[in-house]
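Subject: Handing over the structure

Hello,

I am passing this structure on to you, and I hope you enjoy looking around in it. Please open it first, and then read my notes alongside.

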Amino acid sequence: DRVYMNDYGDDSIVILDASDGSFIDKIIEDENLVDYFSYSFGVGVDNDGNVLGVDKFGNRIVRFTSGGEFIDRFGTRGYLAGQLYYPTSADVDDQGNIYVAEDTNNRVSIFTSNLEPLSPFGSTGTGNGHFTTPEGVAINSAGEIFVSDYGRTDVQKFAFTGTDYQI
């Protein structure tokens, strides 16, 4: 088992051995691909074990194999469904949907495992279901979505009701 951590000091993802924390490798730009990250900010792992690197200033998610080989990247800067604006965190549900917290759009964007965009949820504000600077997203085995918000200094829990996300 492995642990993946982002290192925004050198825009990379560090791979550690989960049993003892020893260094295995580092995912960093190579000579074949100029930049993986313009600002490595978060990291997640999908259901196939692929690594999801969050490139905040590049407004995209970069996917790698568990060994660090580049697969693809997705996301462009914008406000529409399927676009990202300063993504900060990514996680995956049991169906393989990818959830991405965005601190400028103040929402959580959702993509299928085939990278098709679904409707995002959340909007700017201080009430329940609203965000001011969402920095983290995590999904538990029950499918509940937890979003940490730097600006609100709290964590909100959401559940999908079949048509909408409810707090």
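Two points on reading the notes come first. This is a predicted model, in which local features need pLDDT of at least 70 and side-chain atom pairs count only at pLDDT 80 or more, while totals for chains, interfaces and linings use all residues. Residues are numbered from 1 along each chain as its sequence is written, and side-chain values use heavy atoms, with hydrogens and water left out.

The sheet

Strands here are DSSP runs (E, at least two residues; helices are H or I, at least four), numbered from the N terminus. Two strands count as paired if DSSP finds at least two bridges between them.

With S5 it runs antiparallel, joined by 5 bridges, and valine 54 has isoleucine 61 in S6 as its bridge partner. These two strands form a hairpin with 4 residues between them, and asparagine 59 in the turn has a positive phi of about 55°. Towards S7, S6 pairs in the antiparallel sense over 4 bridges. There, isoleucine 61 has phenylalanine 74 as its bridge partner, and valine 62 stands opposite arginine 73. S6 and S7 also form a hairpin, this time with 5 residues between them, where glycine 68 in the turn has a positive phi of about 100°.

How covered is S6? It is mostly covered, with 5 of its 5 residues buried. Buried means under 20% relative accessible area, exposed means over 50%, and partly exposed is in between (1.4 Å probe, protein chains only). In a regular strand the side chains alternate between the two faces of the sheet. In S6, Arg60, Val62 and Phe64 point one way, while Ile61 and Arg63 point the other way.

Charged residues

Side chains of opposite charge can pair when their charged atoms come close. A search of the whole structure finds 7 salt bridges, a salt bridge being a side-chain nitrogen of Lys or Arg within 4 Å of a carboxyl oxygen of Asp or Glu.

- Arginine 60 meets aspartate 55 at 2.8 Å, N to O, and both residues are buried.
- Arginine 107 meets glutamate 102 at 2.7 Å, N to O. Arginine 107 counts as buried because its relative accessible area is 7%, and glutamate 102 is buried at 0%.
- Arginine 152 pairs with aspartate 154, with the closest N and O atoms 2.7 Å apart. Arginine 152 is buried at 16% relative accessibility, whereas aspartate 154 is partly exposed at 25%.

Aspartate 46, in the loop between S4 and strand S5 (51-55), is buried yet has no salt bridge. The nearest side chain of opposite charge, arginine 63, is 4.3 Å away; Lys and Arg count as positive and Asp and Glu as negative, with His and the chain ends not counted. What does the side chain of aspartate 46 reach at 2.8 Å? It reaches the backbone nitrogen of asparagine 50. Leaving aside residues up to four places away in sequence, aspartate 46 touches Leu52, Arg63 and Val92, where contact means heavy atoms within 4.5 Å.

Loop positions

Most residues other than glycine have a negative phi, and most peptide bonds are trans. Aspartate 11, which is not a glycine, has a positive phi of about 50°. Aspartate 11 lies in the loop between strand S1 (2-7) and strand S2 (12-17), and is partly exposed at 22%. Tyrosine 86 is not a glycine either, and has a positive phi of about 55°. Tyrosine 86 sits in the loop between S7 and S8 and is partly exposed at 25%.

Lastly, glutamine 95 is in the loop between strand S8 (87-92) and strand S9 (98-102). Glutamine 95 counts as exposed because its relative accessibility is 60%. The C-alpha atoms of glutamine 95 and leucine 84, 11 residues apart along the chain, are separated by 21 Å.

Best wishes

Key:
A polar contact is a pair of N or O atoms within 3.5 Å; within protein, one must be able to donate a hydrogen and the other to accept it, and residues adjacent in sequence count only if both atoms are side-chain atoms.
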